[in-house]
Amino acid sequence: MTQTPSRRQFLQTTGRVAAATTLVSAATSNVHAAQDSTIRIALVGCGGRGTGAALNALSVDNGPIELVALADVFENNIKSTHAALSGHAKVGSKVDVPDERRFLGFDAYRQAMDALRPGDVVILATPPGFRWVHYTYAIEKGLNVFMEKPVTIDAPTSVRMLELNNRAIEKNLKVAVGLMCRHCRGRMELFDRIQSGEIGEVNMLRAYRMAGRTASAAVPPNDGSMSDLDHQIKNFHGFLWLSGGAVSDFLIHNIDESCWMKNAWPEKAIAVGGRHYRDGCVDQNFDNYAIEYTFADGAKLFVDGRTVPGCKQEFASYAHGSKGTAIISTASHTPAKSRLFTDQSMSKDKMTWAFPQPEPNPYDLEWADLIDAIREDRPYNEVERGVMASAVTSMGRMAAHTGQEITLTKFMKHDHEFAPGIDQLTMGGDSPLMPDDQGRYPVPMPGLVKKREYMDAS
């Protein structure tokens with residue numbers, strides 16, 4: 001690793017609004033830009049989202065493309081992903097992954113990327129704790145990258161990713177981040193309309209992701225059939241060192257799209273949260289979170305997250321301005337059905353604009369935009385924006401877990417790296433977070449443990 005940039009450099013960087021989706025980079029020739037050729041893809045991380053990303057990639061229809069390698073730490077994941085994609089009616093003919101290009105283990109990412117040539121694309125879809133490790137090797141190999149969100153889960157890795165990304169820009173690598181809402185055509189038009197003043201000054205935003213139990217956020221004790229390390233990776237949403245937990249993985253889209261519409265990143269956060277009906281679960285998540293972000297002009301963003309069955313459910317984001325309001329997203333990620341109103345109650349008779357339906361799927365659009373940029377050799381790098389969205393989300397999580405007000409400056413100066421040895425993990429080895437003799441893991445204790453999000457035995 002090279003040295004990370006100073007926090008001052010980081011904050012100067014983050015002071016710029018990262019609403020645009022690309023950064024200008026130094027130009028070097030791209031292998032796929034000058035002539036027609038097949039773009040080869042390797043998938044690192046064969047879980048559900050990785051498989052979905054590969055399907056979206058193979059569905060892009062602007063030139064030859066094929067999947068040639070798979071990598072994961074679980075053999076069953078590799079088998080199920082290969083079966084799903086090779087047997088898919090639409091993209092199955094674009095899958096060429098024989099046994100010798102299916103790689104297993106913590107070093108499998110290297111072997112999968114070694115199967116590519118410079119200018120090909122690697123999909124990084126493992127739990128985000130591994131992101132900086134895999135991105136380092138992708139840059140070394142000269143590969144274009146699609147990386148799932150979040151891209152970081154703590155301050156040290158956020159600073160590290162920005163430094164790494166300078167090398168990617170120097171190499172003119174095209175890098176997409178899986179914050180697909182930014183590619184939603186409805187939200188893009190909404191952003192333009194808000195920035196042109198159609199709802200006046202944006203003073204308050206609200207975002208909700210309130211559902212029942214979600215993914216692997218609630219983790220039962222290890223029954224002994226797996227190692228502690230495998231058990232945690234299999235249930236990665238439950239452990240902060242792997243995923244940043246439920247806040248980072250589930251709330252980042254709502255936080256990102258709200259900050260996008262404000263055209264700014266918040267400067268500080270306070271938050272509350274708690275654990276209720278755990279049923280013996282041993283993960284590190286709270287069941288609910290309520291975060292209040294404050295922007296430089298005093299405007300607020302309120303974010304509510306909950307994974308408790310039997311309660312009101314909502315998955316949407318809103319903006320309130322001095323002259324009207326906006327629905328940023330209606331339910332889940334797509335379709336957004338973005339709309340504008342002249343009142344604060346968002347009544348139908350006050351609606352002034354709505355994006356036409358049906359709207360194209362942003363999961364497809366983010367891939368179409370990336371592959372177009374590769375073939376046309378246009379500058380394309382979303383990492384800075386991805387790091388900022390990840391860091392701001394983590395700032396809110398830290399405020400809830402410590403019970404303290406956390407500023408962006410304070411967050412980025414924090415030295416608690418959840419898994420500093422993550423690049424040295426081995427199959428069958430210990431996890432960076434080991435349970436106690438009763439199989440329990442440390443959990444946040446707001447007001448008691450204030451300087452970091454949990455206190456482990458070390």
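**Ground rules**

I took helices (H or I, at least four residues) and strands (E, at least two) as DSSP runs, numbered from the N terminus. My model is a predicted one, where local features need pLDDT of at least 70 and side-chain atom pairs count only at pLDDT 80 or more, while totals for chains, interfaces and linings use all residues. Residues are numbered from 1 along each chain as its sequence is written, and side-chain values use heavy atoms, with hydrogens and water left out.

I began with the loop between β8 (268-274) and β9 (288-294), where Asp 279 sits. Asp 279 is not a glycine, yet its phi is positive, about 50°. For burial I used relative accessible area: under 20% is buried, over 50% exposed, and anything in between partly exposed (1.4 Å probe, protein chains only). Asp 279 comes out as exposed, at 67%.

Asp 377 has a positive phi too, near 55°. I found Asp 377 in the loop between α12 and α13, and its 25% relative accessibility makes it partly exposed.

Then I looked up cis peptide bonds. One runs from Lys 149 to Pro 150, with omega near -20°; Pro 150 belongs to the loop between β5 (144-147) and α6 (155-170). Another joins Gln 357 to Pro 358, with omega about -5°, and Pro 358 is in the loop between β14 (351-354) and α12 (362-376).

**Helix α13**

How many residues of α13 are buried? I get 20 of its 20, a mostly covered helix. Helix α13 (residues 383-402) reaches 28 Å from its first C-alpha to its last, close to the 28 Å expected at 1.5 Å a residue (the expected span is 1.5 Å times one less than the number of residues). Just after α13 comes Gly 403, with a positive phi of about 75°.

**Cysteines**

I asked for disulfides, meaning pairs of cysteine sulfur atoms within 2.5 Å, and the count was 0. Cys 259 is in no disulfide either, as its nearest cysteine sulfur, in Cys 181, is 13 Å away. Cys 181 is buried at 2% relative accessibility, and Cys 259 is buried at 2% as well.

**Aromatic rings**

Next I paired rings of Phe, Tyr and Trp (its six-membered ring) when their centres lie within 6.5 Å, calling planes under 30 degrees apart stacked, over 60 edge-to-face and the rest tilted. The whole structure gave me 9 aromatic pairs. Phe 191 and Trp 260 are stacked, 5.8 Å centre to centre with 25° between the planes. Phe 191 belongs to helix α7 (residues 185-195) and Trp 260 to helix α11 (residues 252-262), so their pair ties together parts 69 residues apart in sequence. Both Phe 191 and Trp 260 are buried.

Phe 286 and Tyr 289 are stacked too, with ring centres 5.5 Å apart and planes at 25°. Phe 286 is buried at 3%, and Tyr 289 is buried at 5%. I also marked a cluster in which ring pairs link Phe 106, Phe 130 and Trp 241.

**Charges**

A charge counts as over a ring if NZ of Lys or CZ of Arg is within 6 Å of the ring centre and within 35 degrees of the ring normal. By that test Arg 110 lies over the face of Tyr 137, 4.4 Å from the ring centre, and Lys 262 over the face of Phe 295, at 5.9 Å.

For salt bridges I needed a side-chain nitrogen of Lys or Arg within 4 Å of a carboxyl oxygen of Asp or Glu, and my search found 26. Among them is Asp 436 with Arg 440, closest N and O atoms 3.0 Å apart. Asp 436 is partly exposed at 32%, and Arg 440 is partly exposed at 45%. Bridges with shared partners join Arg 275, Arg 278, Asp 283 and Asp 287 into one network. Within it, Asp 283 and Arg 278 come to 2.5 Å at their closest N and O atoms, and both residues are buried. Glu 376 bridges to Arg 378 at 2.7 Å, with Arg 378 partly exposed at 34%.
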